[in-house]
Amino acid sequence: MLNRRILSKAAMLAMAGFMTAIAAMPAAAEYPERPITLIVPWGAGGGTDATGRMIAGLLKDELGQPVNVVNRTGGSGVVGHSAIANAAPDGYTIGVVTVEIGMMHWAGLTELTGKDYTPIALYNYDAAGLQVRADSEWKTAKDVVDAIKANPGKFKASGTGQGGIWHLALAGMLNTAGADPAAAPWVPSKGAAPGLQELVAGGVDIVTCSVVEASALISAGKVKSLAVMDDVQLGAFPDVPTLKEASGLDWKMAAWRGIAGPKGMPDEATAKLSAALEKVWKSSEFQEFMKGRGFGLVWKPGAEFATWMEESDASLGTVMKAVGLAK
Amino acid sequence: METVLKALTLVADPYTLGVMLLAAMFGLFVGAIPGLTATMATALLIPFTFFMDPVPAIAAIVATVATAIFAGDIPGALLRIPGTPASAAYCDEAYAMTKKGLAERALGIALVTSVIGGLTGSIVLSLSAPALAEFAIQFSSFEYFWLACLGLSCAVIISTGSTIKGFVSLLIGLFIATIGIDGTAGHPRFTFGNIELMGGVSFIPAMIGMFAISEVLRYVASNRTVIEVPQQAVGSVFSGLGAILSRYKFNIVRGSSIGAVVGILPGAGADIAAWICYAISKKRSKEPEKFGTGHPEGLVDAGSANNASLAGAWVPAIVFGIPGDSITAIVIGVLYMKGMNPGPMVFIQSPELIYAVFIAFFLANLALLPLGFAAIRLSRQILRMPRRILMPLILMFCMVGAFAINNTVFGITVMLVLGVIAYLMEENGFPVAPAILGIVLGGMVEDNFMASMIKADGSMLGFFSRPIAATLGVITIMLWLTPILVAAWKQYRRMRRPTAET
């Protein structure tokens, strides 16, 4: 009797133990069980960094694990993008992939393309603007294009490094207008802010960075934006017409940012991250932050993001070849 | 006004104040230990600033440096070993006072003049930087090119030791700056296919290596002598101080203002400010024969000068991104990290952050008075800290700092390699400061040169086409030609003399 009771008790204990083990096992193995690293391929303080950090902070609440932001800068984005692509595809290292992923390989800097990543979602899109000094004689985008066509080589432009996204915005615009893409020589700068400083100082005449990047100087009354290179106007800048309205040129160019991981991530992790990111994107905190800073909002998850990257890559390649920036 | 209030709330935050207090104590400790410099203290702070907002991060550096430069006077006066190079100029003088039994007076003078010098420097910084920024917004790549050239030239001319060795050191720095993708053509240079090198040599790990690792190496290679601390009682610090200060009030003003101006010059920091002001003090003194015998006059001049130069060095650092001394060379890296990219734009985009830095300077220098007093009292305990415990700790912090800047082990590699290079350079009499300036300014010189050439359609005359650029250009070229002309003149004289004798 006694023995049997002990035995049955032991059996029950064992059963209970087994049950808890079964119940606990998926819980323990469920993604994510440790902190996640989010690689930002651009420097702290920039737009990519700001949005990346915001997402990391909100993702932590959704996933219940810390999301650590790591800035891997340099090499025109090659260093950080390589770090994301070369990380172990376990879902614990993801990163912000930017428009440059479709440009670097055309410029011969790397072999990487958008196909080397597991796309999670596209979250931001900022169209290029056409900025000139506030006291400039140019009133519309058409004036600018006409002046460049009439005096090739006279007017200089800046806003980023040689062959950067804003350089392409200018070169593509001139190409569309039937002018030589190099008719307004590009003066390389270390980003939009030094380029705008050159504009204010009179060193260059045109800066084709995003309107958001110029907003501080626009409100300080030192710079004016004549057009945004997109199909629609910007909500935050209702006075700025689209390039098509302002000059008749059907040309658009934008920088974008999305979250992606290395190729071959487990489906479970991708699905979970995608769902969590969607909640983050829709949260009022994120929406307010993005609108407050003037960042454009767009949402394209998974396969849509992959298609987006492919299209972006192809169109950037076409422009880069047309303007002689591809190698 | 609204900006100043916003800045005040940023600094008055209890967290920021707490960070500043801890940083000030850290600065006193590091400064008081011979061989550990204020620059090294800044380098060691970097891993901690990662976790802070911009204002506490910058305030921490400000507080550390202000106290470290004063603390360097303590071992200088008690042991005749300057705690930081900034105290070297008047170390003998202060020690002579100690031998006369006036240790507390020497330290009292050092403390009060440091505070006054620091406050003067802060005033110079907060008045001149915004005014200069307003002016600097008109600067284009032509002006920046000349400014960077001027900075590099000053580094060579002012650097201690031979000009040739300073020039070689500068070239080493410029070479390091060329590694990575070049800004104009977007082409990788000296990367050997290494992706990490495409990003260039990140200058915070480089500087941690050059300042801290080289010091650790020097310790390992040295004879490890134990420092004997004199068992002399330190009496009342402030007694009889008023009379001395009122007697030499003109010296305080002179030392502080010259110090601040020397600080603004790129490449010249607290140590050079102290040397120059000590020399001026002796030359202009009514009783120069007393110098070196424990006379307070030179102490007053140089003691205020080195602290004044600290704030002065921030002027070109914030306005142009050109470091005024080796400390601000590191600060520029931290500013970039915190999104406060130096340049006139930051005065437009986030003026409250800049004003918060100014307020931090005033606060740190005011806090120096009580904290410095405590440090004088505790000096003997601080000086007894054994090196064999200290050096491994420093090595650890260096590793953490170099890793954390980019979260890559590559940073540690950069730090170690440059640490060995800096050690070898210093052992052979090559100053490290020009190399640092080369690393920081190399990209600036090149990018602005290329941008200017594109703008001017390849015409060299473009560099003289704008009035400010032309002025800066003429000054720079004169600076280059002066040593050559002087050498030629001497050669000419030497050639003439033998002929005259025959």
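This is a predicted model: local features need pLDDT of at least 70, side-chain atom pairs count only at pLDDT 80 or more; totals for chains, interfaces and linings use all residues.
The model as a whole has an ipTM of 0.73 and a pTM of 0.77. The mean pLDDT of chain A is 87, and 91% of the residues of chain A reach 70 or more. For chain B the average pLDDT is 86, with 95% of the residues scoring at least 70. Within chain A, confidence is lowest in helix α1 (residues 2–29), where the mean is 54. Strand β7 (residues 206–207) of chain A stands at the other end, with the highest value, 96. Over residues 21–28 of chain A the pLDDT stays under 50; for this stretch the model has 1 contact beyond four places in sequence.

The loop between α1 and β1 of chain A contains P32(A). The peptide bond that joins Y31(A) to P32(A) is cis, with an omega of about -5 degrees.

Chain A contains an open sheet of 6 strands. The order of the strands is β2-β1-β3-β9-β4-β10, and their pairing is mixed. In general, the strands of a sheet pair through backbone hydrogen bonds, and the pairing may be parallel or antiparallel. The edges of the sheet in chain A are formed by β2 (67–71) and β10 (297–301), each of which pairs on one side only. On average, and with direction ignored, neighbouring strands of the sheet are turned by 20 degrees against each other. At one end of the strand order, β4(A), which covers residues 117–127, pairs with β10(A) in the antiparallel sense. This pairing extends over 3 bridges. L122(A) has K300(A) of β10(A) as its bridge partner.

Helices of chain A also pack against these strands. Helix α11(A), residues 302–322, packs on the sheet and touches β4, β9 and β10 of chain A. The direction of α11(A) makes about 65 degrees with that of β4(A). Helix α2(A), residues 47–63, lies across β1 (36–40), β2, β3 (93–98), β4 and β9 (254–262) of chain A. Relative to β2(A), helix α2(A) runs at about 160 degrees.

In chain B, several helix pairs were examined. Two packed helices are described by the angle between their axes and by the distance between the axes. Helix α7(B) (residues 103–136) and helix α18(B) (residues 351–383) have axes that come within 9 Å and cross at roughly 175 degrees. Angles over 145 degrees count as roughly antiparallel, and α7(B) and α18(B) are therefore roughly antiparallel to each other. From α7(B), the residues in the contact include L107(B), L111(B), V115(B), L119(B) and L125(B). On the side of α18(B), F358(B), F361(B), F362(B) and F373(B) are among them. By class, the contact of α7(B) with α18(B) has 12 nonpolar and 6 polar residues, and no charged ones.

A second pair consists of helix α3(B) (residues 38–49) and helix α11(B) (residues 203–221), whose axes come within 9 Å and cross at roughly 125 degrees. The two helices α3(B) and α11(B) are therefore oblique to each other. Their crossing is left-handed. Helix α3(B) contributes T39(B), M40(B), A43(B), L44(B) and I46(B) to the contact. The residues contributed by α11(B) are I204(B), M207(B), I208(B), F211(B), A212(B) and E215(B). Of the residues in the contact of α3(B) with α11(B), 9 are nonpolar, 1 is polar and 1 is charged.

The contact of α13(B) with α15(B) comprises 15 nonpolar, 9 polar and 3 charged residues.

Elsewhere in chain B, F190(B) has a positive phi of about 50 degrees although it is not a glycine. F190(B) is located in the loop between β2 (188–189) and α10 of chain B.

The contact between the two chains takes 34 residues from chain A and 34 residues from chain B. On the side of chain B, at least two residues each are supplied by β1 (180–181), α10 (195–198), α16 (326–337), α17 (344–349) and α21 (433–455). Helix α21(B) provides the largest share of that side, 5 residues. The residues of chain B that touch chain A divide into 14 nonpolar, 15 polar and 5 charged.

Definitions and conventions. Residues are numbered from 1 along each chain as its sequence is written. Chains are lettered from A and ligands numbered from 1 in the order in which they are written. Two residues are in contact if their C-beta atoms, placed from the backbone, lie within 7 Å. Helices (H or I, at least four residues) and strands (E, at least two) are DSSP runs, numbered from the N terminus. Ala, Val, Leu, Ile, Met, Phe, Trp, Tyr, Cys and Pro count as nonpolar, Asp, Glu, Lys and Arg as charged, and the others, Gly among them, as polar. Two strands pair if DSSP finds at least two bridges between them. Axes are lines fitted to C-alpha atoms, for helices over the stretch in contact, and angles run from 0 to 180 degrees between N-to-C directions. Angles under 35 degrees count as roughly parallel, over 145 as roughly antiparallel, 65 to 115 as roughly perpendicular and the rest as oblique. A crossing is left-handed if the near helix is turned anticlockwise from the far one by less than a right angle, and right-handed if clockwise. pLDDT is the predictor's confidence in each residue, from 0 to 100.
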